[in-house]
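Hello,

Here is the structure I promised to pass on. Please open it first, then read my notes below.

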Amino acid sequence: MHMKRLGLVITVAATIATSGWAQSESMRPLYSRENRFPEKGKVEVGSYFGYAQYDEYFVSQVDPKSYQGIYVDKNANPKLKSTTVEPYAKYGLLENLTVYSKVPFSFDKSDAKNKNYSGFNDIAVGAELLAYEYTYKYPWVIPYVEVTFPSGDDKEHMGNGEVDGIFGVAVGTTTFDKYTWILDGRYDANISDNGRFEGAAAFIWDLSTQFSVLAEAKVTEKEKGSTKDVPLYFNGGLCYRPLEALSVNLYGGTSANAEENGHGMLKVVYSF
């Protein structure tokens, strides 16, 4: 009888511990959403620390009357090097609804303008709704919305210059209890003249309860008048949780047919 009670206590304790471990998990992909939300009334805080390099147009002459003529020195090969710190906070408003905010700050070095500058990028607020999730947490559907405000200097390419709305839906599932697959589609209302559609896909492999690896890709619509092919972005990551409430993720990637030459990023998250 005592052994049965002891077994029951151990089982309940293990279930609670496993549940608590899973509930503190944060989203791992960068290009898509995952069904890892703070519990109702709980908070997730963290920050992204990133570095990226971009191709930059070198302005060698501008028409002083119209300010329209831009001549590109193809031999200069200038680069824009950007270091960004982006703290964020998420709050479990309801069991299936999370709200969040992001406050990015960048330090940029421009070869074309031969200057360094820093400042806030566009601050964002958003909401993510776990609209559907099967009994065992997969498959799932997450509609989301994000609004950015023109806090960044758009003349220095650190902001959009106007309020912007992003509307998206992510769907995903897990197979064999260790492979997670995600598709994500979104519409960015005020990018370009008529907005821009983006699509992303992610694959995550849970090697253990604490460590996982991921690969993801994103495609966006071409800019109006662009002579390049459709822009593609690629990213890989390592995700590790040394403590139940602490996650540390490391990312690296590049692009094709886009200005970005490559990027690296560290994400540190704490849940409570």
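This is a predicted model: local features need pLDDT of at least 70, side-chain atom pairs count only at pLDDT 80 or more; totals for chains, interfaces and linings use all residues.

**Around Gly253**

Gly253 sits in strand E14, residues 246-256. Its relative accessibility is 21%, so Gly253 counts as partly exposed. Tyr233 is 20 residues away from Gly253 in sequence, and their C-alpha atoms are 7.6 Å apart.

**Salt bridges**

The structure has 13 salt bridges. Three of them follow.

- Arg36 pairs with Glu25 at 3.5 Å, N to O. Both lie in the loop between helix H1 (2-23) and strand E1 (43-55), eleven residues apart. Arg36 is buried at 13% relative accessibility. Glu25 is buried too, at 12%.
- Glu146 pairs with Arg33 at 3.7 Å, N to O. Glu146 is in strand E8 (residues 140-149), Arg33 in the loop between H1 and E1, and 113 residues separate them. Glu146 is buried at 8% relative accessibility, and Arg33 is buried at 12%.
- Asp111 pairs with Lys81 at 3.2 Å, N to O. Asp111 is in the loop between strands E4 (105-110) and E5 (115-120), while Lys81 is in strand E2 (residues 79-94), 30 residues apart. Asp111 is partly exposed at 29%. Lys81 is partly exposed at 24%.

Shared partners also join Glu25, Arg28, Glu34, Arg36, Asp206 and Arg241 into one salt-bridge network.

**Surface patch**

Phe49, Leu238, Leu250 and Leu266 make a nonpolar surface patch of about 340 Å². Leu266 belongs to strand E15, residues 260-271. Leu266 is partly exposed, at 30% relative accessible area.

Best wishes

Key:
Residues are numbered from 1 along each chain as its sequence is written. Side-chain values use heavy atoms; hydrogens and water are left out. Patches are made of residues with over 30% relative accessible area and no salt bridge: like charges are joined within 9 Å, nonpolar side chains (Val, Leu, Ile, Met, Phe, Trp, Tyr) within 5 Å. Accessible areas come from the Shrake-Rupley method with a 1.4 Å probe; for residues, only the protein chains shown count as cover. A salt bridge is a side-chain nitrogen of Lys or Arg within 4 Å of a carboxyl oxygen of Asp or Glu. Helices (H or I, at least four residues) and strands (E, at least two) are DSSP runs, numbered from the N terminus. Buried means under 20% relative accessible area, exposed over 50%, partly exposed in between (1.4 Å probe, protein chains only).
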